[in-house]
Amino acid sequence: MADLAIGIDIGGTNIKSGIVSRERGDVVKSISRETASDPESISATIRSCVEELIESGAVPQTDLKHIGIASPGAVNTKSGVIFGSSPNIPGWEGTNLKDIVSEFGLPAYADNDANAAALGEAMFGAGPGCKDILYVTIGTGVGGGIIIDGEVHHGVNYGAAEIGHMIIEPGGRQCGCGNRGCMERYASITGMMITAREMLGGRKSGKLYDSIGGNIDKLQPEMITREFKGGDPIAFEIIKAQAEALAQAVSGALNLLNPAMLIIGGAISESGPEYINFLSKSITDKTFPAVSEILKIVPAKLGGNAGTVGAACLGWVS
Ligand SMILES: [Zn+2]
């Protein structure tokens, strides 16, 4: 009998769900729906995804062993309750993720989305066979996940791995967490775009500037990575600032944890080996030799499926 589970990844834009196989970590069937703006509608969407997956006939229902849910915010993995604020989903705090799917009668597991993605990458993505991993994902914010001895490290109040909120620029850019100068205000895509607008506005020249016809509102993140690969000096400066900011916080975390592997996730990790090589050098330069000499720095492998696969994995390590 096959061992399968349902994984649900709640994102600010989409709710991704799928049936995941324990044997290979592949998504056998998937359903994606837009994320509604209120908690009740989100819960209803999750239930309809689960119902559709179960009734799809893609796999025998008896092979489905559990449901795993990954969500933004701090998640009490024992109770399933969200207790950190989640700026993308107003009113989401206080929601019990496990209760949403209780009517299906399957064991339910819940965790923070970056923690789940880290576990997914550790089990089926870039890190199989590796038990000590730091995972960092770069999107609108910067998320982190720590895998120690094959398990997610949560900390005593489920607040571990918030690497995006390590302060790298005292008194710097205001962050949604209330502090100033957090790493994600410089190294996230949002942060990189702020840097890009500042730099382009000041210089008004170069291939990147020409590609937007001098209109900064037309700038897209992929234009920066493309011109970076093409050798445009301003695109290089923008990526350098992003990579340096990321490396500053990540090297500190690496010195504390001494993991075997650093996995870089998010769209930026798919922008080619040039970026990963550039970032690797910046991180290695800032990291203690005993830590850096064994460290492997690799791009994530699961792409957009990391959250769904990771959510399903929550029940395979518990
Ligand atoms: Zn912050």
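Let's start with strand β2 (residues 14-21), which is joined to β3 by seven bridges, the two strands running antiparallel. Within this pairing, I15 sits opposite R33 of β3. Please keep in mind that this is a predicted model.

The two strands belong to an open sheet of five strands, ordered β3-β2-β1-β4-β5, with mixed pairing. At its edges stand β3 (27-34) and β5 (108-112); each has a single partner strand, so one side of each is left without a neighbour in the sheet. From one strand to the next, the twist averages 15°. Helix α1 (residues 39-55) packs on this sheet and touches β1 (4-10), β2, β3 and β4 (64-71), with its direction at about 30° to that of β2. Helix α3 lies across β1, β4 and β5, and runs at about 105° to β5.

The protein chain is divided into domain 1 (4-125) and domain 2 (133-300). Taken over C-alpha atoms, the centres of domain 1 and domain 2 are 27 Å apart. Their contact takes 15 residues from domain 1 and 16 residues from domain 2.

Which helix gives the largest share of the side of domain 1 that touches domain 2? It is α3, with eight residues. By class, that side of domain 1 has eight nonpolar, four polar and three charged residues.

## Helix α3 and its partner α11

Helix α3 also packs against helix α11 (residues 306-317), at an angle of about 80° and with the axes 7 Å apart. That angle makes α3 roughly perpendicular to α11. On the α3 side the meeting residues are D113, A116, A117, A118, L119, G120, E121, M123 and F124; on the α11 side they are A306, G307, V309, G310, A311, C313, L314 and V317. Sorted by class, this contact has twelve nonpolar, three polar and two charged residues.

## A closer look at E121

E121 is found in helix α3 (residues 113-124). Is E121 buried or exposed? E121 is buried, because 31 other C-beta atoms lie within 10 Å, and the cut-off for a buried residue is 20 or more.

Leaving aside neighbours within four places in sequence, E121 is in contact with A126, G127, Y135, I263, G265, A300, K301, L302 and A306. Y135 is one of the residues of β6, and A306 is one of the α11 residues that meet α3. The C-alpha atoms of E121 and V309 are separated by 8.5 Å, although the two residues are 188 apart along the chain.

Strand β7 (residues 142-148) pairs with β8 in the antiparallel sense over two bridges, and V152 in β8 is the bridge partner of I147.

Strand β6 is mostly covered, with six of its six residues buried. I133, Y135 and T137 point one way from β6, while L134, V136 and I138 point the other way. In general, side chains in a regular strand alternate between the two faces of the sheet. β6 pairs with β7 in the antiparallel sense over six bridges, and a hairpin of three residues joins these strands. Here Y135 has G145 in β7 as its bridge partner. β6 and β9 run parallel and are joined by five bridges, with V136 standing opposite I264 in β9.

Our last stop is V298, which lies in strand β10. How many other C-beta atoms lie within 10 Å of V298? There are 18, so V298 is partly exposed; a buried residue would need 20 or more.

Leaving aside neighbours within four places in sequence, V298 is in contact with A126, M261 and I263.

Conventions: Residues are numbered from 1 along each chain as its sequence is written. This is a predicted model: local features need pLDDT of at least 70, side-chain atom pairs count only at pLDDT 80 or more; totals for chains, interfaces and linings use all residues. Helices (H or I, at least four residues) and strands (E, at least two) are DSSP runs, numbered from the N terminus. A residue is buried if 20 or more other C-beta atoms lie within 10 Å of its own, exposed if 12 or fewer, and partly exposed in between; C-beta atoms are placed from the backbone. Two residues are in contact if their C-beta atoms, placed from the backbone, lie within 7 Å. Domain bounds come from an automatic or database domain assignment. Ala, Val, Leu, Ile, Met, Phe, Trp, Tyr, Cys and Pro count as nonpolar, Asp, Glu, Lys and Arg as charged, and the others, Gly among them, as polar. Axes are lines fitted to C-alpha atoms, for helices over the stretch in contact, and angles run from 0 to 180 degrees between N-to-C directions. Angles under 35 degrees count as roughly parallel, over 145 as roughly antiparallel, 65 to 115 as roughly perpendicular and the rest as oblique. Two strands pair if DSSP finds at least two bridges between them.
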